[in-house]
Structure formats: structure tokens, C-alpha cells
Amino acid sequence: ASFPGFDGEMLSSSLRGDITLVYGVMDGITSFFNRTYTRCTFHHTIGVLHDFYHRKAALANSAKLYAVLLGDRIAVCCFKGGKTMLAAVNTFRHINDAAYYIIAAWADARMDAKADEVQIAGDNKERNTLIDTLRQQITFVMAAAFPASILKRGSSLQNISFDLTLAALCE
């Protein structure tokens with residue numbers, strides 16, 4: 001399945017939990033990277049986030065929703081009982097739109113507002129606004145901890161986007 005009018009190339013990735021992610025890229029992108037790099041692999045943002053958080057969620061006692069602010073997009077991964085309930089990326093114009101996507105995912109996964117947890121990563125200002133908004137509906141909402149293991153690879157990695165930081169850990 002693809003979006004109407006999409007004329008790019010379709011790729012697929014296997015994710016943890018026996019999930020196959022299908023996504024599109026512009027024509028010519030894969031051939032360019034394969035000519036330029038010897039062992040090139042392609043990862044969708046949601047795939048990287050899903051695989052990183054899937055490991056963490058499998059060890060958790062409660063259901064978890066992880067959200068990452070990526071400029072004008074929000075990536076959401078929802079896990080319950082060690083299984084993926086939802087993984088999606090949405091574009092938003094206002095931080096309240098991002099809050100809506102999280103609450104909709106929360107409702108779809110039938111998560112408990114008094115027992116389950118939301119962790120949010122991304123730009124500090126927007127993240128803190130989003131946390132304050134969500135706390136009106138959900139008890140356990142907090143900033144996601146920056147993975148300490150990434151510091152072993154150099155402090156400069158703290159300055160790149162969260163999804164690219166996680167990609168380095170998932171390799």
C-alpha cells in the first residue's frame with residue numbers, strides 16, 4: 001500500500017516482534033547510496049525507534065508509549081505486554097497536534113491513564129510543553145532519558161537528532 005500519487009521506490013525492513021515495515025523513498029535514493037557506500041542499509045525513523053524501545057518495553061511491568069519530537073514530526077511507539085500496539089510517524093503544525101496524536105495512540109492501545117507511562121524525547125522546549133499538556137490526562141508522563149551508552153561513542157553525538165543517535169546504538 002502507498003499514498004496516492006507516490007511514485008517512489010518501496011522498501012521493507014524487519015523489526016523486532018515479527019513486524020515488517022514497508023515505506024517509500026524517492027526514486028534514485030537507494031541506487032545513489034548503493035553506488036556511494038559499500039554496505040549500505042536503509043532504516044525508516046520509526047523502525048529505529050521501534051527496535052530501540054522494543055527492547056526496553058520487553059523488560060517493563062507496565063505498558064509504555066514512547067514519543068520522539070523530530071522537528072515538525074512526532075514518532076510514536078506503543079508497547080503493552082511486550083508486544084507492539086502501534087508505531088507511527090505524524091506531521092504536526094502545533095504542539096497540541098502532537099498531544100492529540102499521543103492521546104489517540106494511548107486510547108487505541110487501551111492504556112491505563114493511572115498505571116501506564118509516556119516517555120517523550122526531542123527538543124526541550126516543545127517536549128516540556130507537551131509533557132505539561134499530557135499530564136492533564138495521564139499520570140506518568142516524563143522526559144525520556146538520553147541513552148548513556150551513546151556517550152562511549154563520543155559526546156558530539158548528543159548534538160544530533162534522537163533517531164540518528166538511536167540508529168548508532170541499534171547497529
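**Getting to know a predicted chain**

Colleague: Let's start with T30. Is T30 buried or exposed?

Modeller: Keep in mind that this is a predicted model. T30 has a relative accessible area of 8%, and the buried class takes anything under 20%. So T30 is buried.

Colleague: Where in the chain is T30 placed, and which residues is T30 in contact with beyond its neighbours within four places in sequence?

Modeller: T30 has its place in helix 1. Once the neighbours within four places in sequence are set aside, the contacts of T30 are E9, L11, V25 and F42.

Colleague: F42 is on that list. How far apart are F42 and T30 in space, C-alpha to C-alpha?

Modeller: F42 isn't in helix 1 itself; it lies in the loop between helix 1 and helix 2 (45-58). In sequence, F42 and T30 are 12 residues apart. Even so, F42 touches T30, along with L11, S13, Y23, F33 and N34, not counting residues up to four places away. From C-alpha to C-alpha, the distance between F42 and T30 is 8.2 Å.

Colleague: Which accessibility class does F42 belong to?

Modeller: The relative accessible area of F42 is 24%. Buried would need under 20% and exposed over 50%. That value sits in between, so F42 is partly exposed.

Colleague: S13 touches F42 too. Why does S13 count as buried?

Modeller: S13 sits in strand 1 (residues 9-15). Beyond four places in sequence, S13 touches I19, T20, L21, Y23 and F42. S13 counts as buried because its relative accessibility is 15%.

Colleague: Now the second largest pocket. Which element gives the most to its lining?

Modeller: That pocket holds about 250 Å³ of space, and its lining includes L11, Y23, F33, F42 and H44. Two elements, helix 1 (29-36) and strand 2 (19-25), each supply at least two lining residues. With 3 residues, the top contributor is strand 2.

Colleague: How many charged residues does the lining of the second largest pocket have?

Modeller: Sorted by class, the lining has 8 nonpolar residues and 4 polar ones. As for charged residues, there are none.

Colleague: Let's jump to R110. Is R110 buried or exposed?

Modeller: R110 is in the loop between helix 3 and strand 6 (117-121). Its phi is near 55°, which is a positive value in a residue other than glycine. Because R110 has a relative accessibility of 67%, it counts as exposed.

Colleague: Stepping back, what share of the residues in the chain is buried?

Modeller: The chain is built from 5 helices and 7 strands, running β-β-α-α-β-β-β-α-β-α-β-α from the N terminus on. It exposes about 10200 Å², and carbon and sulfur atoms supply 50% of that. Out of 171 residues, the buried share is 37%.

Colleague: Which element has the lowest mean pLDDT?

Modeller: For the chain, the mean pLDDT is 83, and 83% of the residues reach 70 or more. Helix 3 (residues 95-108) has the highest mean among the elements, at 95. Where pLDDT is low, the predicted coordinates should not be read in detail. The element with the lowest mean, 56, is helix 5.

How values were computed. Residues are numbered from 1 along each chain as its sequence is written. This is a predicted model: local features need pLDDT of at least 70, side-chain atom pairs count only at pLDDT 80 or more; totals for chains, interfaces and linings use all residues. Side-chain values use heavy atoms; hydrogens and water are left out. pLDDT is the predictor's confidence in each residue, from 0 to 100. Helices (H or I, at least four residues) and strands (E, at least two) are DSSP runs, numbered from the N terminus. Buried means under 20% relative accessible area, exposed over 50%, partly exposed in between (1.4 Å probe, protein chains only). Accessible areas come from the Shrake-Rupley method with a 1.4 Å probe; for residues, only the protein chains shown count as cover. On a 1 Å grid over the protein atoms alone, a cavity is a set of points where a 1.4 Å probe fits but cannot get out, and a pocket is an open set with protein on both sides within 12 Å along at least five of seven lines; lining residues have an atom within 4 Å of a point. Grid points are joined across faces, edges and corners, and a volume is the space filled by probe spheres set on the points. Ala, Val, Leu, Ile, Met, Phe, Trp, Tyr, Cys and Pro count as nonpolar, Asp, Glu, Lys and Arg as charged, and the others, Gly among them, as polar. Contact means heavy atoms within 4.5 Å.
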